[in-house]
Amino acid sequence: QVQLVESGGGSVQAGGSLRLSCVVSGSTYSRLTMGWFRQAQGKEREGVGAIDGAGGPKFVPDSVKDRFTISQDSAKNTLYLQMSSLKPEETAPYFCAARESWTSVAGLFREAEYKYWGQGTQVTVSS
């Protein structure tokens with residue numbers, strides 16, 4: 001059973017930065033496709049980064065391009081999301097997600113494509 005534990009959330013002012021971490025256990029990290037999602041209040045869960053755990057391609061959507069960077073340290077079974085220039089509307093719990101195979105690029109940011117989820121870490125951006 002794959003388990004995901006996020007950390008690194010907190011409160012920052014607009015324009016600030018945070019780095020989120022997600023530690024993975026219960027599977028060989030390189031066999032996973034990993035993603036970061038967020039869900040603002042009253043909105044659908046939104047993908048903000050995805051990466052091939054085997055060291056292949058990585059993607060971020062245009063909405064966070066140039067501000068968010070997804071990365072990983074497979075030796076530590078850890079996924080990261082570096083966020084900068086944060087905006088108040090990006091206040092949300094942020095979730096780490098995993099699936100056991102690659103999917104289409106379009107599928108990388110679909111909630112339904114991921115089987116395993118962490119509990120989330122709260123990010124609060126104040127104006």
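Start with the side chain of R99. A polar atom of that side chain lies 2.7 Å from the backbone oxygen of S101. Please keep in mind that this is a predicted model, and the distance comes from its coordinates.

Where does R99 lie? R99 is in strand β9, which covers residues 92-99. Is R99 buried or exposed? Its relative accessibility is 14%, so R99 counts as buried; the cut-off for buried is under 20%.

Next, the surroundings of R99. Leaving aside residues up to four places away in sequence, R99 touches R31, L32 and T33, and also E113, Y114 and K115.

Staying with strand β9, I move on to the cysteines. How many disulfides does the structure hold? One. That disulfide is formed by C22 and C96, and their sulfur atoms are 2.1 Å apart. The two cysteines are 74 residues apart, and the pair links distant parts of the chain. C22 sits in strand β3, residues 18-25, while C96 sits in strand β9. So strand β9 holds C96 as well as R99.

Which hand does the disulfide have? The torsion about the S-S bond of C22 and C96 is about -75°, so the disulfide is left-handed.

As for accessibility, C22 is buried, with a relative accessible area of 0%. C96 also counts as buried, because its relative accessibility is 0%.

D66 is not a glycine, yet its phi is positive, at about 75°. You will find D66 in the loop between β6, residues 58-59, and β7, residues 68-73. Is D66 buried or exposed? D66 has a relative accessibility of 75%, so it counts as exposed; exposed here means over 50%.

The other one is S85. S85 has a positive phi too, about 50°, although S85 is not a glycine. S85 lies in the loop between β8, residues 78-83, and β9. With a relative accessibility of 38%, S85 counts as partly exposed, because that class takes in values between the buried and exposed cut-offs.

Terms used:
Residues numbered from 1 in each chain as written. Predicted model: local features only at pLDDT ≥ 70, side-chain atom pairs only at ≥ 80, totals over all residues. Heavy atoms only, no water. Helix = DSSP H or I, 4+ residues; strand = E, 2+ residues; numbered from the N terminus. Buried < 20%, exposed > 50% of the residue type's maximum accessible area, 1.4 Å probe, protein only. Polar contact = N/O pair within 3.5 Å; in protein donor to acceptor, adjacent residues only side chain to side chain. Contact = heavy atoms within 4.5 Å. Disulfide = S-S within 2.5 Å.
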